Amino acid sequence: MRLFFCFCFFFMIIFTASAYDPLDPNGNITIKWDIMSWTADGYVAVVTMNNFQIYRHIQSPGWTLGWAWAKKEVIWSMVGAQATEQGDCSKFKGNVPHCCKKAPTVVDLLPGVPYNQQISNCCKGGVVGAWGQDPSSAVSQFQVSVGVAGTTNKTVKLPKNFTLLGPGPGYTCGPAKIVPSTVFLTTDKRRKTQALMTWNVTCTYSQFLARKHPSCCVSFSSFYNDTITPCPSCACGCENKRSCVKADSKILTKKGLNTPRKDNAPLLQCTHHMCPIRVHWHVKTNYKDYWRVKIAITNFNYRMNHTLWTLAVQHPNLNNVTQVFSFDYKSVAPYGSINDTGMFFGTKFYNDLLMEAGPSGNVQSEVLLQKDQRTFTFKQGWAFPRKVYFNGDECMLPSPDSYPFLPNSARRSLASLSTLSLTILVLVFISVW
């Protein structure tokens with residue numbers, strides 16, 4: 001019995017750790033239900049989805065939200081979203097509900113729907129931006145009219161078993177909890193109103209639940225070493241090895257090749273790492289007080305465009321970023337006093353869309369960093385990042401012993417140069433005196 005409890009405790013620790021992101025410890029998606037008015041047999045609520053994750057967003061084909069009703073509730077109508085199935089509504093005469101399923105599944109509406117079907121922050125195809133990238137786009141809303149539900153705070157029962165796909169698996173949602181009613185300001189900001197009842201649902205992300213293998217990898221190179229450290233072989237698994245496409249294949253000229261499939265199955269370019277995304281970090285130049293890095297992101301998936309992409313990097317010298325040339329940059333300080341993490345993302349209308357695999361399937365920028373003489377060094381791979389995340393998923397880094405280290409000859413040359421300089425200064429000093 002004791003062994004059983006130890007096993008359960010160990011499993012809980014592993015599961016919790018897999019859902020914890022050390023670079024974004026407080027990141028989550030909060031779903032808030034605000035009951036705005038009562039109806040004859042239920043209520044009208046505004047459901048707001050806030051993405052409080054710094055660098056993880058929900059991309060196309062968007063979010064899918066599900067839950068189970070506590071009683072025999074139905075959805076009479078929706079604005080800004082729709083249920084994917086109506087279910088069996090045969091017991092209703094006259095007006096037929098929008099959805100009668102015990103466990104409805106709801107999706108966002110597409111852009112361009114008629115205005116009478118819209119509400120604020122809706123109709124973006126389920127795409128929700130990252131909070132750290134653009135807080136104004138990190139929210140999605142819809143309105144739902146619920147029937148057969150109770151018409152007071154005491155008779156309304158909270159929905160259960162919430163699920164969130166964003167767009168794939170990975171999110172785990174907790175139970176709904178009643179919280180203080182949301183307060184709203186009128187347009188003239190002179191009067192406050194509040195919801196009749198409010199409850200929250202918190203969903204957290206785990207890469208362990210989302211996929212068996214990483215979705216990206218990292219390669220390294222530097223100006224002081226001819227060696228290029230590639231991504232590890234089969235870094236993202238080799239399940240797609242048989243269906244991959246060579247870069248010079250004639251299949252690439254066929255129409256419809258880039259059309260995404262319903263199951264989101266990738267069509268990857270054949271590589272030794274078999275990753276959809278590769279991030280390359282190149283130490284480019286060394287100046288007296290600064291050093292320069294080139295970052296390149298390459299897409300190897302012929303069926304996927306990445307909108308609103310983000311790249312989070314942990315490196316000790318990111319506390320002294322001087323200039324980022326082609327990307328936007330924002331410092332991320334998950335622990336306040338430690339400023340070693342930054343988020344790169346595309347410049348709007350320029351390179352915020354990472355195209356599918358091919359000639360245009362890459363984005364790149366250079367970063368200029370100021371040296372901190374107390375910590376700066378090229379030795380032992382210090383110039384390379386500790387962690388790299390693409391769209392919120394951690395990328396696989398090469399083994400540390402394969403990094404392009406500073407050669408011993410270069411160290412001797414630098415030491416000899418320093419000795420020679422010191423000798424010349426001493427001789428000049430003696431001659432002056």
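A disulfide here is a pair of cysteine sulfur atoms within 2.5 Å. Keep that in mind, please. We start with the cysteines. One caution: this is a predicted model.

How many disulfides does that rule give? The count comes to eight. I will walk through three of them.

Take Cys244 and Cys270. Their sulfur atoms sit 2.0 Å apart, and that makes a disulfide. The angle about the S-S bond is 95°, a right-handed link. Cys244 and Cys270 are 26 residues apart, and each is in the loop between strand E15 (225–229) and strand E16 (277–286). Are these two cysteines buried or exposed? Cys244 has 18% relative accessibility, so it counts as buried. Cys270 has 28%, so it counts as partly exposed.

Now Cys173 and Cys203. Here the sulfur atoms are 2.1 Å apart, again a disulfide. The torsion is about 100°, so this disulfide is right-handed. Cys173 belongs to strand E9 (residues 171–173) and Cys203 to strand E13 (residues 197–205), so the bond ties together parts 30 residues apart in sequence. Both Cys173 and Cys203 are buried.

The S to S distance is 2.0 Å. Cys216 and Cys395 are both buried.

On to the chain as a whole. It has three helices and 26 strands. Of its 433 residues, 44% are buried. Look at contacts between residues at least 6 apart in sequence: 72% of them join residues at least 24 apart.

Next, the backbone. Where are the cis peptide bonds I want you to find? One runs from Ser60 to Pro61, with omega near 10°. Pro61 is in the loop between strand E2 (43–51) and strand E3 (64–68). Another joins Gly166 and Pro167, with omega about -10°. Look for Pro167 in the loop between strand E8 (160–165) and E9.

Two residues have a positive phi without being glycine. Phe349 has a phi of about 65°. Its loop runs between strand E22 (341–346) and strand E23 (353–354). With 76% relative accessibility, Phe349 counts as exposed. For Gln380, phi is near 55°. Gln380 is in the loop between strand E24 (362–370) and strand E25 (387–390). Its relative accessibility is 57%, so Gln380 counts as exposed too.

Last, the empty space. Rolling a probe the size of a water molecule over the atoms shows where such space is left. The largest pocket holds about 1,200 Å³. What lines the largest pocket? There are 41 lining residues, and Gln59, Arg211, Ser215, Asn264 and Met304 lie nearest the centre. By type, the lining has 18 nonpolar, 14 polar and nine charged residues. Where does the lining come from? Domain 1 (28–209) and domain 2 (212–237 + 265–402) each give at least three residues.

To close, go back to the cysteines and the pocket in your viewer. Find Cys216 and Cys395, joined by a disulfide. Then find Met304, one of the residues nearest the centre of the largest pocket.

Definitions and conventions. Residues numbered from 1 in each chain as written. Predicted model: local features only at pLDDT ≥ 70, side-chain atom pairs only at ≥ 80, totals over all residues. Heavy atoms only, no water. 1 Å grid on protein atoms, 1.4 Å probe; cavity = no way out; pocket = protein on both sides within 12 Å on 5 of 7 lines; lining within 4 Å. Points joined across faces, edges and corners; volume = space filled by probe spheres on them. Nonpolar A, V, L, I, M, F, W, Y, C, P; charged D, E, K, R; others polar. Domains from an automatic or database assignment. Helix = DSSP H or I, 4+ residues; strand = E, 2+ residues; numbered from the N terminus. Buried < 20%, exposed > 50% of the residue type's maximum accessible area, 1.4 Å probe, protein only. Contact = heavy atoms within 4.5 Å.
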